[in-house]
Amino acid sequence: MISRKDVEHIAELADIGLAPEEVEEFTHQFNLILDYFEILDQLPAEGGWTRTDTEDLNVMREDLVVPSLPQHEAIMNASAREDGFIKAPRVM
Amino acid sequence: MGDPLNAFITACDLPPLKEGRLSGLRIAVKDNISTAGVPTTCGSRILQGYVPPYDAFVVELLRAEGARIVGKTNMDEFGMGNTTENSGFGPTLNPIDPRRVSGGSSGGSGAAVAAGMADLALGSDTGGSIRCPAAFCGIAGHKPTYGRVSRFGLVAYANSLEQIGPLARSVQEIATLLQVLCRHDPRDSTCRNRPFDLVPTGEIRGVKIGIPEEFFGFGVDPRVAAVVYRAIERLEELGAEVIACSMPSMKYALAAYYTTCMSEASSNLARFDGVRYGLPVDHRPSWHEAFREVRKRGFGSEVKRRVMLGTFALSAGYYGRYYAKAQIARDLVREDFAQLFREVDLIAGPTMPTIAFRLGEKSDPLSSYLADILTVPANLAGIPAISIPCGEVEGMPVGLQLMGRHFQDELVVDAAYAYEQARGCER
């Protein structure tokens with residue numbers, strides 16, 4: 001069972017703000033969805049990723065310098081810019 | 001241009017760069033495929049105002065072959081849904097019955113082609129998002145083999161599952177578009193050099209078609225099943241050999257799919273923070289507070305649900321129970337297909353369990369997810385799958401789904417062409 005507190009904690013981990021009524025709604029819906037996912041409990045814990053079509057695993061190439069977007073185009077969608085840089089909220 | 005169905009988010013007019021196989025054709029492009037200088041929202045308020053500085057590879061290819069891009073089509077936000085009701089810009093209505101949904105997530109592309117507002121369209125298919133609207137709107141839609149079409153410029157939602165592909169009114173046009181789209185692109189490291197090489201013949205004598213019983217269970221409307229069975233009989237009359245078979249992993253497929261796509265979404269959508277693009281972030285509060293606020297305003301409910309459930313499925317203590325198990329289930333699905341394709345050349349069934357839903361019918365998320373059960377297996381395995389119209393129930397179209405071996409899109413398309421030719425002659 002997922003509680004309201006769990007939903008609030010997950011929202012925090014995911015950096016998603018929720019309105020109080022969304023917390024209520026999601027708690028109910030998450031329980032229904034996770035109940036459905038319980039079918040996965042029937043599977044063994046081992047195995048997985050046993051690819052049979054191995055012809056195209058990890059194709060490697062040499063690094064290659066190619067033209068990229070000019071700086072002004074790369075940052076043109078940023079909401080705040082300063083001296084050719086993107087401005088972001090403070091981390092500390 | 002009037003748009004009573006709300007098929008487009010942005011109208012545009014990108015002229016062809018030169019003459020080619022698509023000269024004179026108007027193409028609609030799903031709004032999660034980047035178009036230089038034309039807003040690309042992914043159906044999300046969080047990307048309102050975003051203008052890509054570059055074209056997706058597929059857009060370059062279309063314009064170099066003579067196509068004119070006429071608009072960016074409506075979709076469920078970031079591709080998350082099967083109705084377009086999760087769009088931040090309102091739902092796209094079904095052109096056959098506007099009280100019903102167009103399907104999704106590429107619903108705008110499906111409706112635009114079905115209503116004749118575009119000749120052809122591009123969609124993207126993560127768990128059925130090309131095939132579902134094709135089935136609901138009565139047109140053809142093909143999800144190529146994973147790795148056949150470059151995803152460069154496609155805004156990522158669940159990278160390991162999604163492919164760009166064509167929607168059209170005829171299978172011949174699907175083949176023409178695949179000839180243009182299947183080109184190697186070093187900018188997508190999963191893109192293989194496998195040009196699409198087919199002039200449809202419609203010859204299917206001796207082709208073995210498997211019919212897994214599970215594709216007719218899982219809540220499939222018996223009237224839909226009956227229409228699809230008749231279509232399969234038609235293929236048999238054309239000389240195909242029909243073989244009953246079974247796909248036991250189907251019972252895990254939906255849970256495996258949703259756990260995987262939600263997990264990938266939680267990582268991919270972390271980039272929408274209001275800093276580099278999209279809704280402006282407030283710089284006064286701290287980093288996390290600011291992001292939470294911009295994502296609260298910008299994301300719709302379904303995106304919040306999937307990002308949160310994906311975060312949960314990947315979190316310490318739950319990873320083993322959800323994400324890791326989903327990958328085991330995904331392998332079982334892949335193994336089941338591999339085994340079946342030793343015996344048969346194609347697998348057939350319905351595309352969707354029902355006809356197009358009424359607007360508002362799928363308000364509960366889980367019941368909406370359950371409707372994807374027949375389309376997600378092809379994405380989990382990365383195999384090609386097409387949906388073509390094969391009849392009607394209550395006046396609404398029903399889609400026949402054909403799936404094939406990796407990189408055998410040609411056989412899938414040719415069989416669809418055979419069916420379409422035979423059906424066309426009957427009508």
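**Rings and charges in a predicted model**

User: What makes Lys362(B) count as lying over the face of Phe357(B)?

Analyst: This is a predicted model, and in it Lys362(B) lies at 4.8 Å from the ring centre of Phe357(B). The cut-off for NZ of Lys is within 6 Å of the ring centre, along with being within 35 degrees of the ring normal, so 4.8 Å meets the distance part.

User: And what puts the charged end of Arg194(B) over the ring of Phe407(B)?

Analyst: The charged end of Arg194(B) is 4.4 Å from the ring centre of Phe407(B). For Arg the atom is CZ, with the limit again within 6 Å, so that distance qualifies too.

User: How many aromatic pairs are there over all chains?

Analyst: The structure holds 16. One of them is Tyr258(B) with Tyr369(B).

User: Why is the pair of Tyr258(B) and Tyr369(B) called stacked?

Analyst: Their centres are 4.1 Å apart and their planes 15° apart. Pairing needs centres within 6.5 Å, and stacking needs planes under 30 degrees apart, so the pair is stacked.

User: What makes this a link between distant parts of the chain?

Analyst: Tyr258(B) belongs to helix H6 (residues 250-268) of chain B, and Tyr369(B) to helix H10 (residues 365-370) of chain B. They are 111 residues apart.

User: Are Tyr258(B) and Tyr369(B) buried or exposed?

Analyst: Tyr258(B) and Tyr369(B) are both buried, which means under 20% relative accessible area.

User: Which residues form an aromatic cluster?

Analyst: Tyr50(B), Phe78(B), Phe272(B), Tyr277(B) and Phe299(B) form one.

Technical notes:
Residues are numbered from 1 along each chain as its sequence is written. Chains are lettered from A and ligands numbered from 1 in the order in which they are written. This is a predicted model: local features need pLDDT of at least 70, side-chain atom pairs count only at pLDDT 80 or more; totals for chains, interfaces and linings use all residues. Side-chain values use heavy atoms; hydrogens and water are left out. Rings of Phe, Tyr and Trp (its six-membered ring) pair if their centres lie within 6.5 Å; planes under 30 degrees apart count as stacked, over 60 as edge-to-face and the rest as tilted. Helices (H or I, at least four residues) and strands (E, at least two) are DSSP runs, numbered from the N terminus. Buried means under 20% relative accessible area, exposed over 50%, partly exposed in between (1.4 Å probe, protein chains only).
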